[in-house]
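The entries follow the order in which I looked things up.

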Amino acid sequence: MIYLDYNATTPLCDQAREGMLPYLDRHFGNPSSVHAAGREARAAVDDARDQLAGLLSVRSHEIIFTCGGTESCNLAVLGLARRRSSRGGHIVSNKAEHHAVLNTLEYLEKCEGFEITWLNVSRDGMIDLDQLAAVIRPDTRLVSIMTANNETGVIQVMREISQICRGHGVLLHSDMVQAFGKVQIDLSLVDAASFAAHKFYGPKGAGFLFLRSGLSIEPIMFGGAHENERRPGTENVAAIAGMAAAAEWTLRDCDSEQERERRLRDELWTRISQNVPDAKQNGANAPRLANTLNVSLLGLDSEMLLIALDLEGVCASSGSACMVGSVVASHVLLAMDLPIEHARSAVRFSLGKWTTADEIKAAGDAVRKIVDRLETRKSAYAVA
């Protein structure tokens, strides 16, 4: 099997597994209990918080543990939008966001009286900075812009976005789920940022929200005083320990690894473009994650392509894996105002630490073989 879907999820690294094992076995206490078993578990949670804070150059109390990226995004958007207000307000975002933000904003718009301004996105996936500056109003409560897009890998200019928000005194949240371990992260630029462990070789079911010191946030769940009364529920001690271990391991050789993945990604595009003349690379003229290649194979259907790739032993996707196995036209590519045929024929290849040059060659050969076969079949149908 050739796994080229690292943006969907990553394998668990050995360091994360080893970090988790003690808390799946002998150190099983509830971290809220006052006895020795509970104190052992609490120490693990506190140590992981300190470790993550150190890696990101923030304060420990600015880290809120969650069950993953979606909850982190929901807590940031709902919690910051609702603070100090019973109902309504103005929020700025864009239609290329992950559904964890997109659907949350649509809910606020439909059910809680918020007005959402959706920024334009260029054909390369970049937001319009002039438009951002122009649409911020006195009642704007929040701007939410993802750092790196999960489908195209396009990286927004967060420093410039931050300067605009700071100049207007508006809070800025960023979905950084795809950014961790792939680009340099500066949390001083934002007020809140969302992360998920399974995107950087940690366990599924763990994530965290960075919330700048001094900011209050409305909880979105109720039932306990955990996480300084910001997120109730017994902490997943093993997953939290594994997440911290994975984060440290991922950042250890970040720059050299991203350069390696960039070379492999470009090699894959070269192989595809040479053999498929109608292939289009989406977001090609924007800054992008080194590991992400989003390609439209015009005239072909994403679902058919993914099934064919799977039969050839290649794991890829059409974009977000959070659509419960469905293959639909990419909302990200449509937000970029690309033609519908681009969105319906898009495939995302995303590389990771275990991707090899041999796998890239084999994947490129598989794409060529599939396209040739599908084109031959189409020609036969046309003649018939």
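**Entry 1**

Helices (H or I, at least four residues) and strands (E, at least two) are DSSP runs, numbered from the N terminus. The model is predicted: local features need pLDDT of at least 70, side-chain atom pairs count only at pLDDT 80 or more, and totals for chains, interfaces and linings use all residues. Residues are numbered from 1 along each chain as its sequence is written, and side-chain values use heavy atoms, with hydrogens and water left out.

I looked up the three-stranded sheet and found it open, in the order β9-β10-β12, with antiparallel pairing. Its edge strands, β9 (279-281) and β12 (346-350), each pair on one side only. For angles I noted that axes are lines fitted to C-alpha atoms, for helices over the stretch in contact, and that angles run from 0 to 180 degrees between N-to-C directions. Neighbouring strands of this sheet are turned by 30 degrees against each other on average, direction ignored.

β9 and strand β10 (residues 292-297) are joined over three bridges in the antiparallel sense, and Gln281 has Val295 in β10 as its bridge partner.

Which helices lie across this sheet's strands? Helix α9 (residues 254-275) lies across β9, β10 and β12 and runs at about 15 degrees to β10. Helix α10 (residues 302-311) lies across β10 and β12, at about 40 degrees to β12.

**Entry 2: the seven-stranded sheet**

I read the order of the other sheet as β2-β8-β7-β6-β5-β3-β4; it is open and its pairing is mixed. β2 (63-66) and β4 (114-119) stand at the edges with a single partner strand each, so one side of each has no neighbour in the sheet. From one strand to the next, the twist averages 20 degrees.

Inside this sheet I checked strand β5 (residues 140-144), which pairs with β6 in the parallel sense over three bridges. Leu142 stands opposite Leu171 in β6. On the sheet packs α2, touching β2 and β8, and its direction makes about 120 degrees with that of β2.

**Entry 3: helices against α8**

I noted the cut-offs: angles under 35 degrees count as roughly parallel, over 145 as roughly antiparallel, 65 to 115 as roughly perpendicular and the rest as oblique. A crossing is left-handed if the near helix is turned anticlockwise from the far one by less than a right angle, and right-handed if clockwise.

How do the axes of α1 and α8 cross? Helix α1 (residues 14-24) and helix α8 (residues 237-252) have axes that come within 7 Å and cross at roughly 160 degrees, which means that α1 is roughly antiparallel to α8. The crossing of α1 and α8 is right-handed. Taking contact as heavy atoms within 4.5 Å, I found Gly19, Met20 and Tyr23 among the α1 residues that meet α8, whose side includes Ala241, Gly242 and Trp249.

Helix α2 (residues 36-56) also approaches α8: their axes come within 9 Å and cross at roughly 25 degrees. α2 is therefore roughly parallel to α8, and the crossing of α2 and α8 is left-handed. Among the residues making the contact are Ala44, Val45 and Leu52 of α2 and Ile240, Met243 and Glu248 of α8.

**Entry 4: α3 and α4**

Helix α3 (residues 69-82) and helix α4 (residues 99-111) pack at about 30 degrees with their axes 9 Å apart. Their crossing is right-handed. The contact includes Cys73, Val77 and Arg82 of α3 and Val101, Tyr107 and Leu108 of α4.

**Entry 5: salt bridges**

I counted a salt bridge where a side-chain nitrogen of Lys or Arg is within 4 Å of a carboxyl oxygen of Asp or Glu. By this rule there are 22 salt bridges. One of them joins Asp191 and Arg212, with the closest N and O atoms 2.6 Å apart. Asp191 lies in the loop between β6 (171-175) and β7 (192-196) and Arg212 in the loop between β8 (207-211) and α7 (226-229), so the pair ties together parts 21 residues apart in sequence.

Terms used. Two strands pair if DSSP finds at least two bridges between them.
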